[in-house]
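Here is a short report on one protein chain. Keep the sequence and the 3D view open while you read.

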Amino acid sequence: MAKSLFDPNTPDIVIKSLFQKYDKDNSGFLDRKELSSLLEDDLLEDDLGLTWLDLTTHQVEVYFHLLDRDGNAKISPDELCAWLRSNEQFKMVNDKSRFYAVCKAVDMFKKYDKDRSQYISFEELKDLFFEFGSNIDVKSAFK
Ligand SMILES: [Ca+2]
Ligand SMILES: [Ca+2]
């Protein structure tokens, strides 16, 4: 089994070559499709404890939002790097209740940002969920 990529000591060169491998159009950024093949081929089973069958389009969307810290709808090499080295994100993906909360945050954002003005800051919403974590009763919030 390959060594986990979620490691603060993963060398830059490893992350960069991973990035380049999936930047199929050489745009210098990963789009949703490119990110989803990265998750599928290199991360899923070993690192995220999921199989490809478990990864829905919806979940790809969640990961995409998590990685895209500046919200410009594409993943830069720095953003990939920050995600792989962040213990916080590593914990999050291994904790199903927190993962669920983030899924709900994405839903909630889409639900309320109807005109797509991005008026509700996704970061603010995410922070809210992270702050309360699994203490939030998500189910009753969405009744
Ligand atoms: Ca690309
Ligand atoms: Ca970005």
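The sections below cover confidence, fold, core, helix faces and a few single residues.

## Confidence

This is a predicted model. The mean pLDDT of the chain is 74. Of its residues, 54% reach 70 or more.

Where pLDDT is low, the predicted coordinates should not be read in detail.

## Overall fold

The chain has 8 helices and 0 strands.

The chain has 143 residues, and 17% of them count as buried. Take the contacts with a separation of 6 or more: 58% of these join residues 24 or more positions apart.

## The largest nonpolar core

In soluble globular proteins, nonpolar side chains tend to be buried together. Here, the largest nonpolar core holds 19 residues. Leu35 and Leu38 touch the most other members. Five elements are listed as giving two or more residues to this core: α1 (12-22), α2, α3 (57-67), α4 (77-85) and α6 (96-112). Helix α2 gives the most, with 4 residues.

Look at Leu38 in more detail. Leaving aside neighbours within four places in sequence, Leu38 is in contact with Tyr22, Leu30 and Leu43.

Which residues of α4 are buried? They are Leu80, Trp83 and Leu84. Seen down the axis of α4, these buried residues fall within an arc of 95°, so they line one face of the helix.

Helix α3 has its own buried set: Val62, Tyr63, His65 and Leu66. Around the axis they cover an arc of only 160°, which puts them on the same side of α3.

## Asp42 in α2

Asp42 lies in helix α2, which spans residues 32-48. Is Asp42 buried, exposed or partly exposed? Asp42 has 15 C-beta neighbours inside 10 Å. A buried residue needs 20 or more, and an exposed one has 12 or fewer. Asp42 falls in between, so it counts as partly exposed.

Asp42 also has partners beyond its sequence neighbours. With those within four places left aside, Asp42 is in contact with Leu5 and Leu18. Leu5 is 37 residues away along the chain, yet the C-alpha atoms of Asp42 and Leu5 are separated by 8.8 Å.

Most residues other than glycine have a negative phi.

Asn26 sits in the loop between α1 and α2. Its phi is positive, about 55°, although Asn26 is not a glycine. Asn26 has 7 other C-beta atoms within 10 Å. The cut-off for exposed is 12 or fewer, so Asn26 is exposed.

Ala73 is found in the loop between α3 and α4. Phi of Ala73 is near 65°, again a positive value in a residue other than glycine. With 11 C-beta neighbours inside 10 Å, Ala73 counts as exposed.

Terms used:
Residues numbered from 1 in each chain as written. Chains lettered and ligands numbered in written order. Predicted model: local features only at pLDDT ≥ 70, side-chain atom pairs only at ≥ 80, totals over all residues. Contact = placed C-beta atoms within 7 Å. Core = buried A, V, L, I, M, F, W, Y, C linked by C-beta atoms within 7 Å. Arc of directions from axis to C-beta. pLDDT = per-residue confidence, 0-100.
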